[in-house]
Amino acid sequence: MLDIAADLDASQVMTLEAYADTIIPGERRGPGDRAVAGAATGGGAVTSGALDLMLSPEGGLAGMLDSLAAGLDDHATGYARRTGRTLDPAVPPFVALPFPDRTALVATLTAPDCEEQEMWVALAMFSVMAWDTGAADHTTEALAAGHPGLTQMGFAGPDPDGLWRFPSYSYGRVLAPVHPMTTPLGDPA
Amino acid sequence: MTDIERTDVIVIGSGFGGAIPAYRLAAGGARVVVLERGPWLSAEDFDHDFRFGSAGTRAFEFTMGDGMNVLGGNCVGGGSVVYFAAMPRAPRFTFERRGGIGRPLWPGAVTRDTLDPWYDIVADALPISRNDWSDVTFSGGLFAAACAHAGRTANPVPAAVDRSTCVNCNWMMSGCRFDAKRSLLLNYIPAAVRHGADIRPLHEVQRLSRTADGGYRVHYDTVDEVDYRVVTGGGVLEAPVVIVAAGAAATPVILQRSEEELGAMPAAVGRYFSGNGERLNTAIVNEQRVREVLGLDRGDGRAYEAYQIGKGPVCASWDRLDGTLPEFHRHSLEQLYFPPGFGTILAQAPDATGPSWFGLEKKEILRRWQSWLTVFIMSEDDNEGVFGPPPPTGNAERISQQMLSRGPLSYRPTANTRAGWERADADVRDILERDGLSRVMPWSNDVIGAYTVHPLASCRIGDDPEISALDDRHELRGHPGVFVTDGSAVPAGLTVNPAFTIAALAERAVPGIVATLAERGVPVRYVTEAPGHAVSSRRPDRLAV
């Protein structure tokens, strides 16, 4: 499905995308999109580059993505068995779960009493970062390309030289009384 | 052994605890080598970029632990490069803390009065200046106005920021592109270099051993400048005096790993870690109520919507810095900016019916990110942190090329600490939820445990050898000639940002180190001259890597 996912098969990519979409949900990329559940308007973690970030050599997660995908599908299979869900065999088990069930399963995997919490939290961190930092790309380029997360957050853009400056930054007036014990240098007593 | 390089003083780490003695001792005539684990970056490297591999990941270290996660600097200049430069002095009562154990935590020789002259020296050196209301950013102003509306006070926070060159870009956690933030790259470090100190970046110290004449050998690896997991070489340095200032998340690990060759460490090495009682709350601001209740207007039709704008924390509530209150009831609240990524993942959606830190409702609050106001709690914790056995190298096992690692620190907050957090959370709600100004939630502690940007106390000074690893001169008990001058020496949480106090303590430690050097045959003058102010953080060409 994705060039950047050369080391993962399509099924693994779908499973990881479905996980990222559970963390920061978004609209489907097209009518045939099964990984993205379409639970929210606007692009989610997947179209914000979650897989790129997970696969980036800098991130350090790439080497364990295949086992994470397999683990997620195992958990989904167990979840379906426990809850009496029938899973569509045409897609990986986690992808086959409806969005509310994906959410419920991820909540248990990332809970403090889950022995695997750390690795699922790490995968969630990369999903969030994809959406709200676009860290797979240079920020100026991500913004110029209409990065879904940064755009929906209203992240203001830089000056033409690629650096941020905010000339207007202060209400410019006294807004509270200072603590009566403040020292002449402005410190607590 | 004749090929081992010798010097007078080896300094491990180049943050406040390392750079200050490095300058003073080099200026006094000592041969000083500084071994810094991270890269040497300067303004031109401090790009405005979230991309992995940019300054934000090169200069930072996020060390995950069991119940406590530490965010700190990993570069020449250490925490000063990535800090928010809020520099209040610690309140008088903090030096009288007794903690949950009911015993004095600070040495009797250190009080606010005895430390004030050392604070003064640091304030001139960086420099630190008072902020006035025209410097207070929209987010600081909103917090102040909400405090006033609640019948409270609010203070502009003294800061090490040059207001004439600051552009309020809020990228300062990735280093300051404009050299407006007065990091150590603009004062103590160039002054140390000018006096001959040899600063060696990408040198990660692993352990110390002893020489036959009572000196020390410092064993280090060199690491790759992009992938810090890759060891490129290593070596040994020898000196009569070693200053360990690797930060409170690393100093005790180096000492623990040295125990096999140096002999037993004081029991307090790697114990009593404090996260400075830190905790964050995020308010989702109701723009209309801000206009109606507080009368705020940016002049362009917007009441607030300015979370992105500013220079970190500029305004604080000090009403609970009250020495008449019992311990664990005292805290400061500081308005703060935390950039996307680390600054959003733990924030929780108020009134969530599903998961609060991810999913549909989380996305909704993220869409209102410009209307966020983050409040930083610095309270009194109970020094609960304990370091387990050291990892094979460094202070943690690296996961990513840069920034992300897993270390041996564990932290189980006591009832005292938890109650302090709850009181502070309630205080934040009282200020910011009043009259519908916002909805506030603390960051979740269920996802990764607690967190701190101000690790302290893991190798602390004190009078009582049972609960302190260092004497009041910062010398490691039982290991003469080894000094610890970083945040790990601070005995307990301060209820305010600790960088200024760490720096003042490091200044205060220097005369004692000078005396020890003399005893060990290295005559060094104690130099009182200020380091001077550089206009650029540009890295000197002379590098000895």
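A: Two strands pair if DSSP finds at least two bridges between them, and strands (E, at least two residues) are DSSP runs numbered from the N terminus, as are helices (H or I, at least four residues). This is a predicted model, where local features need pLDDT of at least 70 and side-chain atom pairs count only at pLDDT 80 or more, while totals for chains, interfaces and linings use all residues. Residues are numbered from 1 along each chain as its sequence is written, chains are lettered from A and ligands numbered from 1 in the order in which they are written, and side-chain values use heavy atoms, leaving out hydrogens and water.

Q: OK, S11(B) and S21(B): parallel or antiparallel, and over how many bridges?

A: Parallel, over three bridges, with S21 covering residues 482–484 of chain B. B:Val244 sits opposite B:Val484 there.

Q: And how does S2(B) join S11(B)?

A: Through four bridges, again running parallel; S2 is residues 9–12 of chain B. B:Val9 has B:Val241 as its bridge partner in S11(B).

Q: Which way do the S11(B) side chains point, and are they buried or exposed?

A: B:Val241 and B:Ile243 point one way, B:Val242 and B:Val244 the other, and all are buried (under 20% relative accessible area with a 1.4 Å probe, protein chains only; exposed is over 50%, partly exposed in between).

Q: New topic. What are the domains of chain B?

A: Domain 1 is 1–125 + 173–276 + 401–409 + 449–537, and domain 2 is 129–159 + 278–378 + 412–448. Those bounds come from an automatic or database domain assignment. Over C-alpha atoms, 30 Å separate the two centres.

Q: How much area is buried between them?

A: About 2600 Å², with carbon and sulfur atoms giving 63%. That's the accessible area (1.4 Å probe) the two parts lose on being put together, summed over both.

Q: Which domain 1 residues lose the most?

A: B:Phe84, B:Phe93 and B:Tyr451, together 28% of what the domain 1 side buries.

Q: How many salt bridges between the domains?

A: Two, counting a side-chain nitrogen of Lys or Arg within 4 Å of a carboxyl oxygen of Asp or Glu.

Q: Then what does B:Arg97 pair with?

A: B:Glu327, in a salt bridge whose closest N and O atoms are 2.9 Å apart.

Q: And which element gives the largest share of the domain 1 side touching domain 2?

A: S20(B), with three residues.
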